[in-house]
Amino acid sequence: MLNLPRWRVILCVAAIVFGIVFTLPNVLPANVAAGLPGWVPHQRLNLGLDLQGGSLLLLEVDTQALKAERLANITEDVQRTLHDQKVAFTSPVQVNGEISLRITDPTQIQAARDALQKLAQPLANGGGRDISVQTAPDQHLLVSLSDQAVTADTAHAVQQSIEIIRRRIDALGTREPSIAPQGTNRIVVEAPGESDPERLKSVIGQTAKLTFQLVDESVTPQEVAQGRPIPPESVVIPSQDALSPTYLVKRRATVSGEMLTNAAMSFNSQTGQPVVVIRFNGQGSRRWGDATSQNVGKRFAIVLDNKVLSAPVIREAILGGSCEISGNFTTESANDLAVLLNAGALPAPLKFVQQTTVGAELGADSVKAGALSGIIALALIGTFMVLAYGIVFGGFAIVGLLSNMTMILGAMSLTGATLTLPGLAGLILTIAMAVDANVLIFERIRDEERAGRKPLMAIETGFSRASVSIMDANITMLIAALILFAFGAGPVKGFAWTLSIGVLTSVFAALFLTRLFVALWYRSNRSKSLPI
Amino acid sequence: MHWPLIRNLPKETHFKFVSLAPFAAGVSALCVLASIFSFATNGLNLGIDFKGGTLMEIQTTGPAPLGPLRAALGRMGVKDAQVQGFGAPNAARLRFEQAAGADSAKAVGAIETQLAQQFPGIKFTDVEYVGPNVSGELFQGGLLALGAAIVLMLGYIWFRFQLQFGFGAVIALAHDIALTMGILSFFHIEFSMPSIAALLTVIGYSMNEKVIAFDRLRENLRKYKKMPLADIINLSENERLSRTMITGATALLALSGMLFLGGPTVRPFVIAMVCGIVIGTYSSIYVALPVILLWGVNRNVEEAEPLKPVGARR
């Protein structure tokens, strides 16, 4: 017991120094911390949104829309392929997420099937092909999209969306938002310090799919409303301009948002209204020039997210590769649209499924209340331990507990862990267990002394008996904490991580630190009886 | 009075813990039944994390006008609007569900704007919206993690002690969870993500108590091979009585700061933790150990001495 190997002493001192050094940045005022040299650790504990204030948005990629778009593309491919093969068929329809079509000539079914099968692409994740073609009764062919293909599309869309959202938010200048995938089809956006998420939401929530589509003037929207059939290559789209509530436009987009190189807010030279000026890339300029020169005098609809912004008349061919979009903008909304167009369109619409906003004041109040309750708890426990076990052993418990706290806070700062309100609960449990470890040791030592052992033997046996209980209790806790960390969602994870670190440090504090203190104390006074 | 105060505790106690067990079993059974009854009739006051919906915590310049706020929400066509005072007189908490719609998160902003117009000076300190799908998944995920953690703890206890110890612990744990949930539902304390953390803390504390109790029992089973099991349990519990009291007291002291100063957001979950610590201490003595007593332990097997005592060097 009294034989203290040097490595133990060094380990204890190192652990205490580690705790203090890594906890300090959290306690020092910002101006003092900034003045420290660069080699001093300066990571601070991350405070969760509930403690710091800020906004959290959980977004979901609209898998249905993604699948519908993919099926629409496949339908086009199918039609083109069969036309190329000169196979006659009746118009394909979508049934239960499959494309069903009837081949007019039964002898061509096999040829048609072979041709369509060539459309199938191998999946990147190695699981077969994305589409499959089956024959069905009555000369039908069924083209279906595999679930794996939808999953792969979703994963890709999530990746792309994160990239695009980051570009959009960076342009807004919001403070360091974190954007991360969650599960298969969700994205979490956390913006600390952002107490008004509405602008954030309007910037993230828009798909920003911009297309230029010719207005079909063969049928007026009024005639469509009266029941006149729509030409198959056209579609009715709602509008936000004052001229007409809906427009009939060609399905095919002449130019789309992917073909632009730059968008910027500007003012119209005649009306003085805010507008967005866009520049097309080479391909876009060519198409735009061709389309405008062929359709002088007709209307072009500028469509954003399936809504017509405006539908100006083409007065002359526009060959310079630029275009001015007007549409009842304010300076801010024109600016936002320019940001969106520059960042690119989202691959699929995003839905907001969860939103949390904590005001900065509430967060600050929680931190203050949390810190104050922590200090009060430590003071009460310290007083209680000194009353119960006296200055010497009570003091050991207090020093052990304080070193334990600094080790936990230091380890959490170092690993960049996030402290949340549930994490505080984990911290309290840790305090309780750390004190319990000391109580177990002290009670065992008392037992052994009462059983007639000399102080040194009592200390020795007490420690070794108590350490079995301490190890068992803490290993059980560690198992539970690790499982919760692996399976739990957000707040439960924070709790589990705090608890895991706490379990490790409190075992160390009890079996190494307390032991060191007791050994040093006994060495220096060799008393005949123990003061507990 | 002796100094330090621990010396004032009697050196040896001879409480007959086991003789109270049948009575305690009745009390426990009644409490569990009452909890289930309360759970079945009152249900849990699920927070929006688990139920979905919108929660707003607001501050107004004067006393919060609860009635007009409720009326204003009613006019906006939201469902199940609840408006309560929250902590300070100028603070209130609004909770409601929106009419079913694809993107109700957008509507939250609209409601905020309307309230800001009708109640000038209103401040939104906390706004949360949880969609119905997410809420279900959060709940299931939490339960799954909890279940897995309990099964693995049972496994570890089986490995370190005996199987019946593991069952004793799990039955006691089920008892603790039932009672804590019963208290939550009886007092209509909101059950949200932080409450899950509170529940986990209670389970953690309770498990710690059980392992400490089992440890002492195992040690005495080895020491006194011929003593009847009931007497060994009594002896073990008397031996660790002072530790149980001191640890329980410190755990409650650790919570006291949060209980009085933590503010209205955390108070419900601190209350749940305080109840849980008392329940967990009780169930170690009166649920886990009686289960082992009823089941009996295997005392003939010569076990290998587990875990060499750490640092037993002289």
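This is a predicted model: local features need pLDDT of at least 70, side-chain atom pairs count only at pLDDT 80 or more; totals for chains, interfaces and linings use all residues.
## Chain A from a distance

Let's start with the overall look of chain A. It contains 14 helices and 19 strands.

Chain A splits into three pieces, namely domain 1 (6-52 + 359-525), domain 2 (54-196) and domain 3 (206-346). Notice that domain 1 of chain A is written as two stretches, 6-52 and 359-525. The C-alpha centres of domain 2 and domain 3 of chain A are 26 Å apart. Where these two domains touch, domain 2 of chain A gives six residues and domain 3 of chain A gives five residues. On the domain 2 side of that contact you'll find three nonpolar residues, one polar and two charged.

Now for the strands. In general, strands of a sheet pair through backbone hydrogen bonds, either parallel or antiparallel.

One open sheet of chain A has four strands in the order E3-E4-E6-E5, and its pairing is antiparallel. Which strands sit at the edges? They are E3 (89-95) and E5 (131-136) of chain A, each of which pairs on one side only. Going from one strand to the next, the twist averages 20°. Inside this sheet, strand E4 (residues 98-103) and strand E6 (residues 140-145) of chain A run antiparallel and are joined by five bridges. If you want a spot to look at, find Arg102(A), which stands opposite His140(A) in E6(A). A helix goes with this sheet too: H5 (residues 109-117) of chain A lies across E4, E5 and E6 of chain A, at about 170° to E5(A).

Another open sheet of chain A has three strands in the order E13-E14-E17, again with antiparallel pairing. Its edge strands are E13 (260-267) and E17 (322-325) of chain A. Neighbouring strands here are turned by 20° against each other on average, direction ignored. E13(A) and strand E14 (residues 274-280) of chain A run antiparallel with seven bridges between them, and Leu260(A) stands opposite Phe280(A) in E14(A). Helix H10 (residues 331-343) of chain A packs on this sheet, touching E13 and E14 of chain A, and its direction makes about 175° with that of E13(A).

| Strand pair | Bridges |
|---|---|
| E4(A) and E6(A) | five bridges |
| E13(A) and E14(A) | seven bridges |
| E18(A) and E5(B) | five bridges |

## Where the chains meet

How many residues are in contact between the chains? 72 residues of chain A are in contact with 73 residues of chain B. Several elements of chain A give two or more residues to this side, among them helix H11 (360-414), helix H12 (421-450) and strand E18 (350-358). By class, the side of chain A that touches chain B has 45 nonpolar, 16 polar and 11 charged residues.

E18(A) deserves a look of its own. This strand pairs in the antiparallel sense with strand E5 (residues 123-130) of chain B. Within the pairing, Thr357(A) stands opposite Val127(B).

## Over to chain B

Chain B is divided into domain 1 (5-45 + 135-295) and domain 2 (53-130). Their C-alpha centres lie 39 Å apart.

Two packed helices are described by the angle between their axes and the distance between the axes. In chain B, the axes of helix H9 (residues 241-261) and helix H10 (residues 267-295) come within 10 Å and cross at roughly 175°. Because of that angle, H9(B) is roughly antiparallel to H10(B). The contact includes Leu252(B) and Leu255(B) of H9(B), together with Val270(B) and Ile277(B) of H10(B). Its residues divide into nine nonpolar, three polar and one charged.

Most residues other than glycine have a negative phi, and most peptide bonds are trans. Asp305(A) is not a glycine, yet it has a positive phi of about 50°. You'll find Asp305(A) in the loop between strand E15 (300-304) and strand E16 (307-310) of chain A. Over in chain B, the peptide bond from Trp3(B) to Pro4(B) is cis, with omega near -10°. Pro4(B) lies in the segment before helix H1 (21-42) of chain B.

Notes
Residues are numbered from 1 along each chain as its sequence is written. Chains are lettered from A and ligands numbered from 1 in the order in which they are written. Two residues are in contact if their C-beta atoms, placed from the backbone, lie within 7 Å. Ala, Val, Leu, Ile, Met, Phe, Trp, Tyr, Cys and Pro count as nonpolar, Asp, Glu, Lys and Arg as charged, and the others, Gly among them, as polar. Two strands pair if DSSP finds at least two bridges between them. Domain bounds come from an automatic or database domain assignment. Axes are lines fitted to C-alpha atoms, for helices over the stretch in contact, and angles run from 0 to 180 degrees between N-to-C directions. Angles under 35 degrees count as roughly parallel, over 145 as roughly antiparallel, 65 to 115 as roughly perpendicular and the rest as oblique.
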